[in-house]
Amino acid sequence: MDLRILNLTEENLALAARVLRSGGLIGLPTETVYGLAADAANEAAIERIYEAKGRPKFNPLIAHVSDIEMAQREGVFRPEALALVEAHWPGPLTVVVDVAPTGTVSKLARAGLDSVALRIPAHAIPINLVETFGGPLVAPSANPSGKISPTTLDHVMQDMGDKLDLIFNGGTCAAGIESTIIDARGERPALLRPGSLNPDWIEEIWPGLIRPDLNPAAPRSPGQLLRHYAPRAELRLNANAPEPGEAYLGFGPGAATLNLSERGDLDEAAKNLFSMLRELDQNYDRIAVAPIPTHGLGEGINDRLTRAAK
Ligand code: TXA
Ligand code: MG
């Protein structure tokens, strides 16, 4: 049977909730990237997610919730962590907190850890689906492990179409790179993955952001494997011009095969990053990438590019 593509309606939410209850996998948009969603409490469904992505079992999944009460049933929030999510949820912020005694997210989804990663996405489809379903949904990005994350329905269909029971269409994701992950268990917040929430905005609510070494032998966030977000083509970073045979992914004014943002806007560049990498990857074996500023969202963009170039 052909994969059903759904729009946001009451009927479709009810259908998707039934599919989730029977252990199904659903593709869905968020404001960052498309996710591959399943019932966070259903181990058989979570097995299917690891299998579909080819993801190592030591790499835990993010649980998506629809309100702060649901988040507090799943995790223990210190006051600073609560203030942080009150300021930035719904939004591209994931917090890692200790599992609450009332938590329902399965141990398999948490990769056996005593912590859980939680977020409320700023997108009507996942929020409404979590509400209709009535509990948290785990949703890793809907790409094979290690490859470029999907920011359009077509990307998901190409990568995961045959692994899904249903998919919601949400057009192109607004932010384009994954959520910023903060370890919110300590006295100070720690940046586990730079992403589409500007780290400066964390500091405004909870100062003293720690930037642990994101590339140590044993990362604090198991997903920070070195090679990730990777195209087939070879990438050359911080290139001021292409060499013969290279495609040029530009940033700011000037000639380029594709330009992340001609006006040098980091939000626009984040939104275009994965889809432009995919497009160039289809037509070139070597891609040179312009230097991208390292402040604000540039931290997340450079993190993705560095891992893609390994
Ligand atoms: O924007 C996003 O966060 C997207 C959308 C779909 O919500 N999701 C996403 O999920 O990026 P995924 O599975 O591709 O990345 C989840 C990251 C991994 O790097 C994982 O290691 C980390 O979250 N993570 C999950 N639980 C953790 C925990 N308890 N402690 C530390 N890191 C954790
Ligand atoms: Mg991912």
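How are α6 and α8 oriented to each other? They are oblique to each other, a term for angles that are not under 35 degrees (roughly parallel), over 145 (roughly antiparallel) or 65 to 115 (roughly perpendicular).

## Basis of the model

This is a predicted model, in which local features need pLDDT of at least 70, side-chain atom pairs count only at pLDDT 80 or more, and totals for chains, interfaces and linings use all residues. Residues are numbered from 1 along each chain as its sequence is written, chains are lettered from A and ligands numbered from 1 in the order in which they are written, and side-chain values use heavy atoms, with hydrogens and water left out.

## Two domains

The protein divides into domain 1 (4-205) and domain 2 (234-308), with bounds from an automatic or database domain assignment. Their centres, taken over C-alpha atoms, are 27 Å apart. Domain 1 gives 24 residues to the contact and domain 2 gives 16 residues, where contact means heavy atoms within 4.5 Å.

About 1,500 Å² is buried between domain 1 and domain 2, and carbon and sulfur atoms give 59% of this area. Buried area is the accessible area (1.4 Å probe) that two parts lose on being put together, summed over both. On the side of domain 1, Ile148, Ile177 and Pro194 lose the most area to domain 2, together 39% of what that side buries.

## Helix α8 and its partners

The axes of helix α6 (residues 153-160) and helix α8 (residues 266-283) come within 11 Å and cross at roughly 55 degrees. Helices here are DSSP runs (H or I, at least four residues) and strands are runs of E (at least two), numbered from the N terminus. Axes are lines fitted to C-alpha atoms, for helices over the stretch in contact, and angles run from 0 to 180 degrees between N-to-C directions. His155, Gln158 and Asp159 of α6 meet Ser275, Arg278 and Gln282 of α8. These residues comprise no nonpolar, four polar and two charged; Ala, Val, Leu, Ile, Met, Phe, Trp, Tyr, Cys and Pro count as nonpolar, Asp, Glu, Lys and Arg as charged, and the others, Gly among them, as polar.

Helix α9 (residues 298-309) packs with α8 at an angle of about 20 degrees, with their axes 9 Å apart. α8 and α9 are therefore roughly parallel to each other. The contact includes Leu273 and Phe274 of α8 and Ile301 and Leu305 of α9. Its residues divide into eight nonpolar, one polar and one charged.

## Backbone details

The peptide bond from Trp89 to Pro90 is cis, with omega near -10 degrees. Pro90 is in the loop between α4 (79-88) and β6 (93-99).
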